[in-house]
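Here's a quick briefing to read with the model open beside you. Take it topic by topic and find each residue as you go.

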Amino acid sequence: MESTTPTGAPAVDPAHDASSDAASAEFDAVIAADGRIEPRDAMPDAYRKTLVRQMSQHANSEIIGMQPEGNWITRAPSLMRKAILMAKVQDEAGHGLYLYSAAETLGTSRAEMTDALLAGTARYSSIFNYPTPTWADMGAIGWLVDGAAIVNQVPLCRCSYGPYARAMVRICKEESFHQRQGFEILLTLSRGTAAQHEMAQDAVNRWYAPSLMMFGPPDADSSHSAQSMAWKIKRFSNDELRQRFVDMLVPQAEALGLTLPDEGLRWNEQRGHYDYGELDWAEFKAVLRGEGQCNAQRLTHRRRAHEDGAWVRAAASAYAAKQAAKDDARQEVSAA
Ligand code: FAQ
């Protein structure tokens with residue numbers, strides 16, 4: 001029987017690379033024609049590795065990204081806010097699962113990806129290592145973090161790897177709802193009392209620069225961009241997307257009645273874009289080294305949640321084995 005992943009996609013033999021000339025030419029032709037590479041197609045080993053790296057980092061980010069907002073579910077200011085926040089955090093869990101499933105079609109199991117996250121050898125987005133001390137942080141995450149995620153991820157709907165591109169379509173729809181709910185939280189606070197306005201401004205002050213850094217290092221320091229763009233995994237460079245994000249934020253901040261904390265921010269008539277100030281790349285690198293404000297806390301929590309969930313995995317495996325045995329018995333009876 002052909003083995004499948006949880007999404008039903010055929011599991012791939014990782015040795016199936018595009019090392020023969022014919023296979024390599026076919027891969028190049030599909031990429032050149034803007035076509036889609038599917039799990040059973042031959043592909044260069046480096047293409048597969050890049051995808052597993054990026055997709056598993058992306059999945060890990062969605063899963064770790066539940067924590068900063070999960071922090072506020074029990075303290076949301078109304079029943080409606082609580083229901084919306086719970087739905088949003090559950091959406092992030094779902095995104096993680098689609099992405100792990102899509103990555104599994106490349107021949108790496110979800111268990112291996114999870115082990116790498118828990119061992120601290122796989123990355124997740126820098127943004128989730130910042131704390132969420134106030135309710136306004138829920139607004140800032142929705143507006144800025146989900147906003148940056150959408151700008152980065154809409155082009156991924158056209159990524160050359162089929163399962164990743166298809167997973168991104170639904171994810172982007174849900175991220176759009178997330179961004180609007182964050183904007184609406186900030187708008188309500190901004191138009192509220194002076195203390196509420198100040199809380200909203202303080203959250204934007206803390207999340208603005210980290211959200212710009214989500215797009216990755218400047219193009220000159222981006223080790224993977226050139227190859228990922230040639231393979232049409234990435235459609236735009238880190239700096240191009242960062243610029244698109246800044247241009248989008250400025251009018252939205254005006255509508256919110258909030259200020260973006262950036263002295264370098266001004267319209268550049270010649271470029272037709274907003275200039276923005278220098279980002280603190282030393283801080284970004286420190287966060288990537290595990291030295292951010294919440295890195296240790298996030299991983300400790302994730303490891304504990306994984307251990308606490310061991311009985312669920314054991315029960316699900318026992319149930320699946322029982323169902324498989326029943327199916328086998330049924331097939332034997334019908335064959336007899
Ligand atoms: N954080 O050569 P590049 C979300 C690493 S989901 C940590 O430019 P690349 C939804 C990079 O891995 C957010 N590490 O890399 C949500 C590489 O290191 P390596 C996640 C970063 O891959 C909202 C090195 O730096 N989204 O927010 C970061 O070409 C609210 C050199 O960088 C995705 O993952 C970073 N920010 O471009 C959930 C989108 N940036 O592996 C909950 C998919 C770079 O060599 C609540 N990913 N690095 O050791 C991508 O588009 C790309 O992977 C980039 C990085 C653009 C993130």
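Is Asp137 buried or exposed? Asp137 is buried, because its relative accessible area is 0%; buried means under 20% relative accessible area, exposed means over 50%, and partly exposed is in between (1.4 Å probe, protein chains only). Before going further, note that this is a predicted model, where local features need pLDDT of at least 70, side-chain atom pairs count only at pLDDT 80 or more, and totals for chains, interfaces and linings use all residues. Residues are numbered from 1 along each chain as its sequence is written, and side-chain values use heavy atoms, with hydrogens and water left out.

**Around Asp137**

- You'll find Asp137 in helix H6, residues 136-153. Helices (H or I, at least four residues) and strands (E, at least two) are DSSP runs, numbered from the N terminus.
- Setting aside residues up to four places away in sequence, Asp137 touches Pro131, Thr132, Ala203, Arg206 and Trp207. Contact here means heavy atoms within 4.5 Å.

**Asp34 and its two partners**

- There are 15 salt bridges in the structure. A salt bridge is a side-chain nitrogen of Lys or Arg within 4 Å of a carboxyl oxygen of Asp or Glu.
- One of them brings together the side chains of Lys232 and Asp34, at 3.4 Å from N to O. This pair ties together distant parts of the chain, 198 residues apart: Lys232 sits in the loop between helix H9 (225-230) and helix H10 (238-256), while Asp34 sits in the loop between helix H1 (21-32) and helix H2 (45-64).
- Asp34 also forms a salt bridge with Arg235, at 3.1 Å from N to O.
- Why does Asp34 count as partly exposed? Its relative accessibility is 45%, so Asp34 falls in the partly exposed class.
- Check the backbone too: Asp34 has a positive phi of about 65° although it is not a glycine. Lys232 is also a residue other than glycine with a positive phi, near 60°.

**Another spot in the H9-H10 loop**

- Ser237 lies in the loop between H9 and H10. Ser237 counts as buried because its relative accessibility is 7%.
- Which residues does Ser237 touch, not counting residues up to four places away in sequence? They are Asp219 and Met229.

**Inside helix H4**

- Glu92 and Lys88 join their side chains in a salt bridge at 3.0 Å, N to O. Both residues lie in helix H4 (residues 79-104), 4 residues apart, which is about one turn of the helix.
- Both Glu92 and Lys88 are buried. Through salt bridges that share partners, Glu69, Lys88, Glu92 and Asp146 are joined into one network.
- Gly94 has its place in helix H4 as well. Gly94 has a relative accessible area of 19%, so it is buried.
- The C-alpha atoms of Gly94 and Glu62 are separated by 8.5 Å, and the two residues are 32 residues apart along the chain.

**The nonpolar core**

- The largest nonpolar core has 75 residues, and the members that touch the most others are Tyr47, Trp143, Tyr161, Tyr164 and Trp207. A nonpolar core is a set of buried Ala, Val, Leu, Ile, Met, Phe, Trp, Tyr and Cys residues joined through side-chain atoms within 4.5 Å.
- In soluble globular proteins, nonpolar side chains tend to be buried together.
- Leaving aside neighbours within four places in sequence, the contacts of Tyr164 include Leu51, Met55, His58, Leu99 and Cys159.

**Around the ligand**

- How many residues surround the ligand? There are 36, and the closest are Ser126, Ser222, His224, Lys234 and Asn238. A residue is near a molecule or strand if one of its heavy atoms lies within 4 Å of it.
- His224 has a polar side-chain atom 2.6 Å from an oxygen atom of the ligand. For Asn238, a polar side-chain atom lies 2.8 Å from a ligand oxygen atom, and for Arg123 the distance from such an atom to a ligand oxygen is 2.9 Å.
- Taken alone, the ligand exposes 1,100 Å², and the protein buries 91% of that. Accessible areas come from the Shrake-Rupley method with a 1.4 Å probe; for residues, only the protein chains shown count as cover.

Note on methods. Polar contact = N/O pair within 3.5 Å; in protein donor to acceptor, adjacent residues only side chain to side chain.
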